[in-house]
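This briefing is intended for a reader new to the structure. Please keep the sequence and the model in view while reading.

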Amino acid sequence: MPNHVAIIMDGNGRWAKKRLLNRISGHEKGADAVRTIVQTARKLNIAALTLYAFSTENWQRPQPEISGLMLLLRRFLASERQTLIDNEIRLNTIGQIDRLPKAVRDNLKAVMDATATNTKMVLNLALSYGARAEIVEMVQQIASKARQGTVDPDAITVDTIADHLYTRGMPEVDLLIRTSGEMRVSNFLLWQIAYAEIFFTPTLWPDFGEDEFVTILKDYQHRERRFGAIPITQPGQQRP
């Protein structure tokens, strides 16, 4: 099983449009899918699940939709708090959290504090997140330390960089899933998915459920991860 699964939850708007509903209705249905996938990941003992909930680019959306999304996030946090506690899931956030409304930040902090000692799974909500912005912040932090003399530029390693990203201390992403049929990574975890297996599904996020999630995990288990090395088996050979 993968230790860390990341999902680009795409298709809420198109799901709503197909049903002649407003976009917020699609996001509300998408929240149900979040609940299902989080519970499934916990049941399958996946250590970390990162969900792309709101990107830095999403701030360009119409204000009514942004306000609706923020309200929906607050409702989700309130409704799922006890479930996270009961299932030993620790809530974490990655992104420019200071850009979120204060009420949302307060709700996030309350649930994060309440689940801080949970150890069975980490649920990362990527909120106001953009990988390029994350990398810029990482470079700025390391450059500042180098200027202060606490970091030797010649001694910077892959681990140094990883320790200055939002996901510090977490395993790299093993499996990246994107729903809705779009085949791009959309500025999501660009460093962390360097060797991730990627799976694109045409299913719109509100329709993405446990059965398809399990099917993708089974597909992952049959992939040979080489991390740049040569294949274990050569053409014509059987895998052990």
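The largest nonpolar core has 40 residues, and those with the most contacts inside it are Val5, Ile7, Leu49, Leu51, Leu123 and Phe213. A nonpolar core is a set of buried Ala, Val, Leu, Ile, Met, Phe, Trp, Tyr and Cys residues joined through side-chain atoms within 4.5 Å, where buried means under 20% relative accessible area with a 1.4 Å probe, protein chains only. The model is predicted: local features need pLDDT of at least 70, side-chain atom pairs count only at pLDDT 80 or more, and totals for chains, interfaces and linings use all residues. Residues are numbered from 1 along each chain as its sequence is written, and side-chain values use heavy atoms, with hydrogens and water left out.

- A second, separate core of 14 residues includes Ala126, Tyr129, Leu176 and Ala196.

**Helix 2 and helix 3**

- The axes of helix 2 (residues 23-43) and helix 3 (residues 63-86) come within 10 Å and cross at roughly 30°; axes are lines fitted to C-alpha atoms over the stretch in contact, and angles run from 0 to 180 degrees between N-to-C directions.
- Helix 2 is therefore roughly parallel to helix 3, a term for angles under 35 degrees.
- On the helix 2 side, the contact includes Arg23, Ile24 and His27, and on the helix 3 side it includes Glu65, Gly68 and Leu69.
- The residues of this contact divide into six nonpolar, five polar and six charged; Ala, Val, Leu, Ile, Met, Phe, Trp, Tyr, Cys and Pro count as nonpolar, Asp, Glu, Lys and Arg as charged, and the others, Gly among them, as polar.

**Helix 3 and helix 4**

- Helix 3 and helix 4 (residues 102-114) have axes that come within 10 Å and cross at roughly 10°, so the two helices are roughly parallel to each other.
- Their contact has eleven nonpolar residues, one polar and two charged.

**Helix 2 and helix 7**

- The axes of helix 2 and helix 7 (residues 210-221) come within 10 Å and cross at roughly 45°.
- Thr36, Ile37, Thr40, Ala41 and Lys43 in helix 2 meet Glu210, Phe213 and Val214 in helix 7.

Terms used. Helices (H or I, at least four residues) and strands (E, at least two) are DSSP runs, numbered from the N terminus. Angles under 35 degrees count as roughly parallel, over 145 as roughly antiparallel, 65 to 115 as roughly perpendicular and the rest as oblique. Contact means heavy atoms within 4.5 Å. Buried means under 20% relative accessible area, exposed over 50%, partly exposed in between (1.4 Å probe, protein chains only).
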